[in-house]
Amino acid sequence: MSFKFDALKYSYASRRSLVYGRRGMVSTSQPLAAQAGLDIIKKGGNAVDAAIATAICMTVLEPTSNGIGSDCFALVWVEDKLYGLNASGHAPKLATPEYIKGKGYSEMPVHGWIPVTVPGAVSGWVELSKRFGKLEFEELFEPAIYYAENGYPVSPVISKLWQDEYEGFFKDTDDSLYDEWKKVFMKDGKTPSAGEVWTLKDHAKTLREIAKTKGESFYRGDLADKIDEYSKNTGGILRKEDLAKFKAEWVEPIKTSYKGFEINEIPPNGHGIVALMALNIMEGFDVKTHDDADSVHKQIEAMKLAFVDGQRYISDLRYMKVTKEELLSKEYAKKRRKLICHDAIMPEYGDPSCGGTVYLCTADGEGNMVSFIQSNYCGFGSGVVIPGTGIALHNRGNNFNLDENSENCIEPNKKPYHTIIPGFLTKDNKPIGPFGVMGGFMQPQGHLQVIMNMIDFKMNPQEALDAPRWQWIGEKKIQVERAFPFSLTEELLRRGHEITVLPESTSMGRGQIILRDKNGTLVGASEPRTDGFVAAW
């Protein structure tokens, strides 16, 4: 190239158009992965095959957010029915509050072996393929293996997230536990820059093994042995028996009605229910426009009330002391709605009983649609990488706590509170399409804003993703993007909100949407806050 430029510098606002197609569509945050998924549809696969292939590709192409050692969730529309898949893993048999406190921790750590729960993504791929896939399982791995072996140019936002992860943790640790991360994800002491070609040979070898054994090696074979051995040798508590007993589970999606539509989510241990609770509260308000201060204020207050309930009550469904039906009760929403007034409140949980993630969506010409999300949780996750395999283990157990009176206290074989949530929109129990906004605790907040943008404010899907966002981060603290109208910021300040304007938007969620109209035409939108891309046929 004869001239140089900054791949992360954009001086002017750019406009993305909606993308239309008929026979297939894949929308995700990495263009090469989206195209790989679409190629699978062109080869005769369906939307489920495309979702799996795209997800596998993402472990190679966007390792800053997900990996082979991730968890995943999916909502799948097939043959006039919506199915839910929970592929989040449980805590190891040795994971007890006493053990962790005995290691000197007063709260769950972010990095290292302690927050590692059984990775569920591989089992999720297997179950999706077994139940709904058309192509051979091994065929779905070919694009990811190609990129891992032959290299791929790192996309701009991912290069920045990669460097941020290094600067935020790995640069300042000399713990030998993280030497393998540096070996795999750095070269000559540096993380990759935008456009730099990156190979992940160990990933290719491991993906071949998973493909050949249909995931058995990861949970009960050679790969499980390697995870077990490294854990034992480096002070970890994850064992082969923990891996062997895991299998992704099919679950019944939860939903709420909102102004003539149904919004569907995965039930707890995921916190998609928080978005539904907030929408239940908002349904009783006559909101005006997206940039009306009173509308935004009410959205923030509704989300605060839903979130504190979620943080108090959501856990592994087997351990929850309130039911999902109680949390989704319209009567309970009415009670919570009465707490919202002109000024910002300090939210407290109520009593319902009295009344670093990647998101992708796919669709095919046969009517099948998939909402899929896969995550390490914090960036690269725990920082633990199994030598010679490229398996970076997530740190989802960080969302447990050590309070033995809490429903979300860590204990063996229990699943933690989970932030990743795929969404699916229906009307009169007919599919409209998958949507999602990834990004930790921003996710239900992104779901609320995107759904209201489309339903209340009549935005098209791309507008709904482009619109400036806010995020509640606790107490009365609100973060807003730079593009957030100044007049709105002033009014929210006067109402008692504590506002911070963020210099960049990476923490504001990264979403994708695919909708199908009554004629079968697909329309897709992708997130401007990342390297998002819609591949269509």
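1. First, the ground rules. Residues are numbered from 1 along each chain as its sequence is written, and side-chain values use heavy atoms, without hydrogens or water. As the model is predicted, local features need pLDDT of at least 70 and side-chain atom pairs count only at pLDDT 80 or more, while totals for chains, interfaces and linings use all residues.

2. Let's begin with the largest nonpolar core, which has 97 residues. Such a core is a set of buried Ala, Val, Leu, Ile, Met, Phe, Trp, Tyr and Cys residues joined through side-chain atoms within 4.5 Å; buried means under 20% relative accessible area, with a 1.4 Å probe and protein chains only. Helix α2 gives this core its largest share, eleven residues. (Helices are DSSP runs of H or I, at least four residues, and strands are runs of E, at least two, numbered from the N terminus.) Apart from it lies another core, of 59 residues, I340 and F435 among them.

3. W125 and F141 have the most contacts inside the largest core. Beyond its neighbours within four places in sequence, F141 is in contact (heavy atoms within 4.5 Å) with I56, W125, L207, I210 and A211. F141 counts as buried because its relative accessibility is 0%.

4. The whole structure holds 23 aromatic pairs. Rings of Phe, Tyr and Trp (its six-membered ring) pair if their centres lie within 6.5 Å; planes under 30 degrees apart count as stacked, over 60 as edge-to-face and the rest as tilted. F137 and F141 make an edge-to-face pair, 4.9 Å centre to centre with 75° between the planes. F307 and W472 are tilted, at 6.0 Å and 45°, and both residues are buried.

5. Helix α5 spans residues 142–150, and its buried residues are P143, A144, I145, Y147 and A148. Their cover includes α1, α2, β5, β6 and α8. Just after α5, G151 has a positive phi of about 95°.

6. Finally, the largest cavity holds about 50 Å³ of space. A cavity is a set of points on a 1 Å grid over the protein atoms alone where a 1.4 Å probe fits but cannot get out; lining residues have an atom within 4 Å of a point. The volume is the space filled by probe spheres set on the points, which are joined across faces, edges and corners. Helices α12, α13 and α15 each give two or more residues to this lining, and M277, D309 and R336 are among the lining residues.

Note on methods
Buried < 20%, exposed > 50% of the residue type's maximum accessible area, 1.4 Å probe, protein only. 1 Å grid on protein atoms, 1.4 Å probe; cavity = no way out; pocket = protein on both sides within 12 Å on 5 of 7 lines; lining within 4 Å.
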